[in-house]
Amino acid sequence: MLSEMNIMSNDSAGFDVGAVIVGGGYAIISVVGTIGNALVLYAVITAKTLHNSSNVFITNLAVTDLITCVVFPLIVVSRLAAYQPYLETMCQFTLSILHTTILVSIFSLTSIALNRLVLILSPLKYYRKVFQRRGFIIWITVIWTIAIFVAAVPPNLFNIGRLGYDQKFKVCRPDNMHEKSDLYDALLIFVAYPIPLLIILVSYIVIFTKVMMHNRRMKMQAASLTMSSQGSSIPSNASDDTPNSREGDRGRFKLQLRITKNMFYIFLAFILCITPHAICNFTECSLEAYTRLIVSTNSMLNPFIYGFNHPYFREVFRRLFKCG
């Protein structure tokens with residue numbers, strides 16, 4: 001699926017209504033996604049409230065989506081332009097970038113899930129020890145290195161698959177007739193899906209199980225305190241620090257839970273965008289150009305999810321647009 005980024009494959013060589021719809025869709029995604037992800041990066045750079053370890057992977061995801069949106073116009077050019085030799089090189093370059101950024105997005109979503117898992121389940125001291133600045137630099141470097149070596153290096157350096165321009169359909173796409181195209185497909189699918197998606201699903205299941213147990217425990221403690229206060233008088237020195245400390249812990253837990261839910265919404269948006277194309281890929285489907293367009297919309301959705309649901313990003317965006 002990943003290896004067939006023939007965004008606008010069509011049986012007709014002409015310029016038809018479907019091409020206009022799909023081409024217009026990519027133009028909108030490119031413009032909106034570029035602006036939205038640029039705003040996310042601007043917010044992270046300028047707002048001190050966003051200068052924390054959790055947002056490193058969000059920043060990486062925004063960079064990835066921004067690159068993807070900037071590259072989309074080249075796909076449109078490949079569909080609309082008359083064939084010229086430069087299209088082969090352009091498509092090879094474009095598909096190498098798109099395949100790489102898709103893998104980086106998946107790895108970033110996986111990293112976000114693991115980050116939230118450690119933060120919710122572990123003491124803060126342990127979390128800070130695991131997610132240090134030097135560790136983040138190594139982590140992000142590893143993500144991009146794996147993505148490049150899996151998505152871009154095999155077809156360009158080792159002749160495992162071939163990325164280029166399909167003159168028949170006038171579109172950038174891998175050469176499915178290449179002798180090693182199946183090996184390239186298998187490599188991309190194996191690295192991109194089973195392990196990362198399993199890690200993400202298990203992480204969020206564990207997180208929300210922990211949340212349910214925490215809420216149940218809080219209700220039991222509240223009921224116990226109510227009964228104790230009704231049955232006996234509590235000394236002033238006993239009621240001074242403990243309730244405040246408990247309220248502080250509750251507040252921090254609720255804030256991290258809201259942020260975790262926001263990260264889950266981002267993962268859910270990715271799954272919703274990619275599922276129609278996955279179904280289309282494994283069946284005889286005549287809507288492939290449109291399902292690929294749906295996949296691509298994910299690159300512009302995340303800024304909206306941050307803006308509406310993430311408590312820190314929402315506040316920063318609100319101040320930003322007020323100033324504007």
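## Burial and surface

In this predicted model, 46% of the 324 residues of the protein chain count as buried. The accessible surface of the chain comes to about 17100 Å², and carbon and sulfur atoms hold 66% of that area.

## Overall layout

The protein chain has 11 helices and two strands. Starting at the N terminus, the order of elements is α-α-α-α-α-α-β-β-α-α-α-α-α. Among the contacts with a separation of 6 or more, 79% are between residues 24 or more positions apart.

In soluble globular proteins, nonpolar side chains tend to be buried together. Here, the largest nonpolar core has 73 residues, and Leu103, Tyr204, Tyr306 and Phe313 have the most contacts inside it. Helix H3 (residues 86-121) gives the largest share of this core, with 18 residues.

## Aromatic pairs

The whole structure holds 13 aromatic pairs. One is edge-to-face, because the rings of Phe208 and Phe264 have their planes at 80°, with centres 5.6 Å apart. Phe208 sits in helix H8 (residues 194-231) and Phe264 in helix H9 (residues 241-281), so this pair ties together parts that are 56 residues apart in sequence. Phe208 is partly exposed at 25% relative accessibility, and Phe264 is partly exposed at 24%.

Another pair joins Phe313 and Phe317: their ring centres are 6.0 Å apart and their planes stand at 50°, so the pair is tilted. These two residues are four apart in helix H11 (residues 311-323), about one helical turn. Phe313 is buried at 0% relative accessibility, and Phe317 is buried at 8%.

## An aromatic cluster

Elsewhere to look: Phe57, Tyr127, Phe131, Phe136 and Trp139 form one aromatic cluster.

Terms used. Residues are numbered from 1 along each chain as its sequence is written. This is a predicted model: local features need pLDDT of at least 70, side-chain atom pairs count only at pLDDT 80 or more; totals for chains, interfaces and linings use all residues. Side-chain values use heavy atoms; hydrogens and water are left out. Buried means under 20% relative accessible area, exposed over 50%, partly exposed in between (1.4 Å probe, protein chains only). Contact means heavy atoms within 4.5 Å. Accessible areas come from the Shrake-Rupley method with a 1.4 Å probe; for residues, only the protein chains shown count as cover. A nonpolar core is a set of buried Ala, Val, Leu, Ile, Met, Phe, Trp, Tyr and Cys residues joined through side-chain atoms within 4.5 Å. Rings of Phe, Tyr and Trp (its six-membered ring) pair if their centres lie within 6.5 Å; planes under 30 degrees apart count as stacked, over 60 as edge-to-face and the rest as tilted.
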